[in-house]
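Reader: I am new to reading protein models. Please take a close look at one part of this one, the metal site, and explain the terms along the way.

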Amino acid sequence: MLRAFAFASAAELVDQAARVAQAAPFRYLVTPGGFTMSVAMTNCGRVGWLSDRTGYRYDPLDPDSGTAWPVMPALFLDLAGRAAAEAGFPNYDPDACLINRYTAGAKLGLHQDSDEKDAWSPIVSVSLGLPAVFLWGGKRRGDPVRRLRLESGDVVVWGGPARFVYHGVAPLKDGQHALTGAARINLTFRKVF
Ligand code: MD3
Ligand code: FE
């Protein structure tokens, strides 16, 4: 947990995320079970994370445009690389950055991230804008869950065994933030292959 690691670059990161969203707009994906997610998502990088009625996958193309996802902004790569190195994972070269946008009430139920072939490399998470309560469980769904407040600029690196823990985000509280207005933006960098 690198508290405020991205604080100084937060405004520029939000700008770059908005640029990505101009080319690949935020959308509400549907789960295999047929529910529409309350978190809006888009991606940049070599592949992007997707969900639809057929399942979860990483895809080199944005299905909404039929073209490649936007390239990862240099600032994203730089920040993710520095954070991973700080946490003991040098030479981090993420394939994907999933960008999650939360507005009031949006949440992410407890889940494991298990769609990546490289299950050892870290996931680097960067929180921007409104604060959120991160739910941090154990290796089993029923394990006790800790609640952790994540604020704008906080970076968390989840590598090695920590990769497989159940986690989620509690419903976002209403609010206003200077950088993002009524939203929280979360970047998650992933090594997929
Ligand atoms: C711990 N996103 O996109 S980021 C996700 O704040 C996701 O938007 C949350 O969970 C968010 O899949 C939390 C932090 C995070 C991401 C992946 C993890 C924590 C993790 C994978 C394993 C363990
Ligand atoms: Fe996750």
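Author: What follows goes through the metal site and then the protein around it.

This is a predicted model, in which local features need pLDDT of at least 70 and side-chain atom pairs count only at pLDDT 80 or more, while totals for chains, interfaces and linings use all residues. Residues are numbered from 1 along each chain as its sequence is written, chains are lettered from A and ligands numbered from 1 in the order in which they are written, and side-chain values use heavy atoms, with hydrogens and water left out.

The iron ion (ligand 2) has three protein donors: H111 through NE2, D113 through OD and H167 through NE2, at 2.1 to 2.3 Å from the ion. Donors are N, O and S atoms within 2.8 Å of the metal (3.2 Å for Na, K and Ca); water is not among the atoms, so sites may look incomplete. Along the chain, the donors are spaced as H-x1-D-x53-H. The two histidines come from distant parts of the chain: H111 belongs to strand β7 (residues 108-111) and H167 to strand β12 (residues 167-169), 56 residues apart. Strands (E, at least two residues) and helices (H or I, at least four) are DSSP runs, numbered from the N terminus.

H111 is partly exposed, with a relative accessible area of 22%, and H167 is buried, at 13%. Buried means under 20% relative accessible area, exposed over 50%, and partly exposed in between, with a 1.4 Å probe and protein chains only.

D62, in strand β4 (residues 61-62), is buried at 2% relative accessibility. Beyond its neighbours within four places in sequence, D62 is in contact with A24, R27, T67 and W69, where contact means heavy atoms within 4.5 Å. D174 sits in the loop between β12 and β13 (184-190) and is exposed, at 69% relative accessibility. The C-alpha atom of D174 is 8.6 Å from that of L130, 44 residues away along the chain.

As for the protein around the site, it contains two helices and 13 strands. Of its 193 residues, 51% are buried. Among contacts between residues at least 6 apart in sequence, 74% join residues at least 24 apart. The C-alpha atoms fill a box of roughly 40 × 35 × 35 Å along the principal axes.
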